[in-house]
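Trainee: Could you take me through one part of this structure slowly? I would like to see how a single residue sits among its surroundings, and then what else is worth a look.

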Amino acid sequence: MFTGIIEELGRIRSVEKRGEGARLVVEAREVTSGTQEGDSISVNGVCLTAIDVRESSFAADGSSETLQRSTLGRLRAGSAVNLERAVTPSTRLGGHIVQGHVDGRGTFLSALSHGGSWTVRIGYPKEMARYFVFKGSVAVEGISLTIAALADDYFEIAVIPKTWAVTNLSQLKPHDEVNLEADIIAKYVERILTLAPELRVAERSSLTIEKLAELGYK
């Protein structure tokens with residue numbers, strides 16, 4: 001689990017195709033500190049398992065599913081990536097609960113400067129619309145952000161100078177794809193509401209059968 005508060009802006013050193021997957025080698029110094037092989041690191045919002053951890057780099061394997069669902073398959077040597085280590089019991093949850101399980105790819109549409117801060121517009125796929133609400137949380141490239149404006153096919157986020165400086169948002173160009181992860185709470189609520197009518201029917205049926213049995217009916 002992650003918080004969406006980016007710790008370091010790393011760079012891809014190499015991408016090696018391995019069958020339908022790929023091995024990424026990432027240049028980094030902050031997130032490698034204290035990291036052991038097998039630990040989780042978020043790379044542009046994708047939870048990956050760190051291997052071959054060194055002082056200035058780590059490697060990670062991406063499966064075919066990961067490469068297809070996220071933008072990791074489009075990374076090349078030199079690409080800037082947002083990095084965050086998994087939370088510990090003592091970590092301050094400064095953002096929101098981010099799993100590192102990307103739900104889909106969005107599109108960077110524009111960034112409007114306000115003299116230091118920025119309004120960034122992100123297009124999103126139709127199937128993700130139900131998870132977004134005004135002032136709700138969303139992870140873009142692994143960054144915990146708040147939806148400041150919401151339309152049918154895009155949302156806007158207000159980006160402070162610190163976030164702009166330490167993430168890859170400042171390097172995105174119009175039509176670049178970005179990784180999106182909806183708030184996990186929204187997905188759980190959707191699942192509960194979807195199953196609620198069936199559960200109520202099952203509960204009534206079970207109680208009715210039990211009651212009839214108590215009354216001697218078979």
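Mentor: Let's start with the partners of T71: apart from its neighbours within four places in sequence, T71 is in contact with R105, E141, E177, V178 and N179. Keep in mind as you look that this is a predicted model. To find T71 on your screen, go to the loop between α1 (64–69) and β6 (80–85). Is T71 buried or exposed? Its relative accessibility is 5%, and since buried means under 20%, T71 counts as buried.

Now move to another threonine, T35, which you will find in the loop that joins β2 (21–27) to β3 (40–43). T35 is buried as well, because its relative accessible area is 13% and the cut-off for buried is under 20%. Which residues does T35 touch beyond its neighbours within four places in sequence? They are I41, A50, V53 and R85. There is also a polar detail to find here: a polar atom of the T35 side chain lies 2.4 Å from the backbone oxygen of V31.

The structure holds one cavity of 30 Å³ or more, and the largest cavity has about 30 Å³ of space. Its lining is made up of V15, K17, A22, L67, L72, G73, L75 and R76. Sorted by class, that lining has five nonpolar residues, one polar residue and two charged residues.

Conventions:
Residues numbered from 1 in each chain as written. Predicted model: local features only at pLDDT ≥ 70, side-chain atom pairs only at ≥ 80, totals over all residues. Heavy atoms only, no water. Helix = DSSP H or I, 4+ residues; strand = E, 2+ residues; numbered from the N terminus. Buried < 20%, exposed > 50% of the residue type's maximum accessible area, 1.4 Å probe, protein only. Polar contact = N/O pair within 3.5 Å; in protein donor to acceptor, adjacent residues only side chain to side chain. Contact = heavy atoms within 4.5 Å. 1 Å grid on protein atoms, 1.4 Å probe; cavity = no way out; pocket = protein on both sides within 12 Å on 5 of 7 lines; lining within 4 Å. Points joined across faces, edges and corners; volume = space filled by probe spheres on them. Nonpolar A, V, L, I, M, F, W, Y, C, P; charged D, E, K, R; others polar.
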